[in-house]
Amino acid sequence: MIPVYPETKVALKGKKGLVVGIANDQSIAWGCARAFRALGAELAVTYLNDRAKKHVEPLAQALEAPIFMPLDVMVEGQTEQVFERIAKEWGQLDFLLHSIAFSPKEALHGRVVDVGREGFLKTMEVSCWSFLRMAHLAEPLMKNGGTMFTMTYYGSQMVVENYNIMGVAKAALESAVRYAAAELGPKGIRVHAISPGPLATRAASGIPEFDELMDKAQSKAPARSLVSIDDVGNATAFLALDGAKLMTGGVLYIDGGYHIID
């Protein structure tokens, strides 16, 4: 029998998702949010702080997001407040997008072997542990299964110049994805790490010589092209569909094939 697929524009109709990590209209999370919304999903959107709010609020309005809240994972209780609001207003969550990472400048710009304890812990807390915390809070809301996403990078597997301690954090994050996928899979919850190629985002601006990294990626990738936030969004949204229900625990590279090149 030939399967009948729903119309593209309603493939996620009735689904509710939380998007964490939109900073501006260049953010990977914004590309993903647009793709989710285009497929009919209803979204909750967070912003980092009052300074970021003015950049994110118009985007949340464009998404018609009924839930718009501050979320700084370093502020005690804010993560829990977001999930409490979702539980109260929606009573369910179908997908979660975690697209945040941070490392103090002194930790990110130095050698891995020189990283201080405080810088290491802060890097790991924001870039890795916060995803596990969100997964823990999202689990009881994903009553009929769901999908969890986080963002990683090629520097988790290979030594990328100037990526430094963030590569260590992303390696831990990818391992966390595998363990979470194994633990949550019996409940119908899939967990994915998304690994885009270099993108000119606000977060990337903190990496020294990032322009050179982008030039290298474009010249060496088999597709000879840099990825866009829409490329990432479309691929990520696909994994939220029922058609991807047996895909979990892996790293999806969206980088024009760069990761296969020596």
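Which residues have the most contacts inside the largest nonpolar core? Keep that in mind while we look around; what you have open is a predicted model.

**Start with the whole chain.** Switch to cartoon view and you'll find eight helices and seven strands. The radius of gyration is 18 Å, close to the 18 Å that the globule rule gives for 262 residues, so the chain is as compact as a globular protein of that length. Along its principal axes, the C-alpha trace spans about 50 × 45 × 35 Å.

**Next, go inside.** Buried residues make up 50% of the 262 residues. Select Leu18, Phe83, Ile86, Leu93, Leu96, Met148 and Val191: these have the most contacts inside the largest nonpolar core, which has 44 residues. To see where this core comes from, highlight some of the elements that each supply at least two of its residues, including strand 1 (16-20), helix 3 (78-89), helix 5 (117-138) and strand 6 (189-196).

**Zoom in on Ile86.** Leaving aside neighbours within four places in sequence, Ile86 is in contact with Leu18, Ala44, Ile67, Gly91, Gln92, Leu93 and Leu141.

**Then hop to the other core.** Pick Ile22, Val56, Ile194 and Ala240, which are among the 36 residues of a second, separate core.

**Last stop: zoom back out.** Of the chain's contacts with a separation of 6 or more, 74% are between residues 24 or more positions apart.

Notes. Residues numbered from 1 in each chain as written. Predicted model: local features only at pLDDT ≥ 70, side-chain atom pairs only at ≥ 80, totals over all residues. Heavy atoms only, no water. Helix = DSSP H or I, 4+ residues; strand = E, 2+ residues; numbered from the N terminus. Rg over C-alpha atoms; globule rule 2.2 N^0.38 Å. Buried < 20%, exposed > 50% of the residue type's maximum accessible area, 1.4 Å probe, protein only. Contact = heavy atoms within 4.5 Å. Core = buried A, V, L, I, M, F, W, Y, C linked by side-chain atoms within 4.5 Å.
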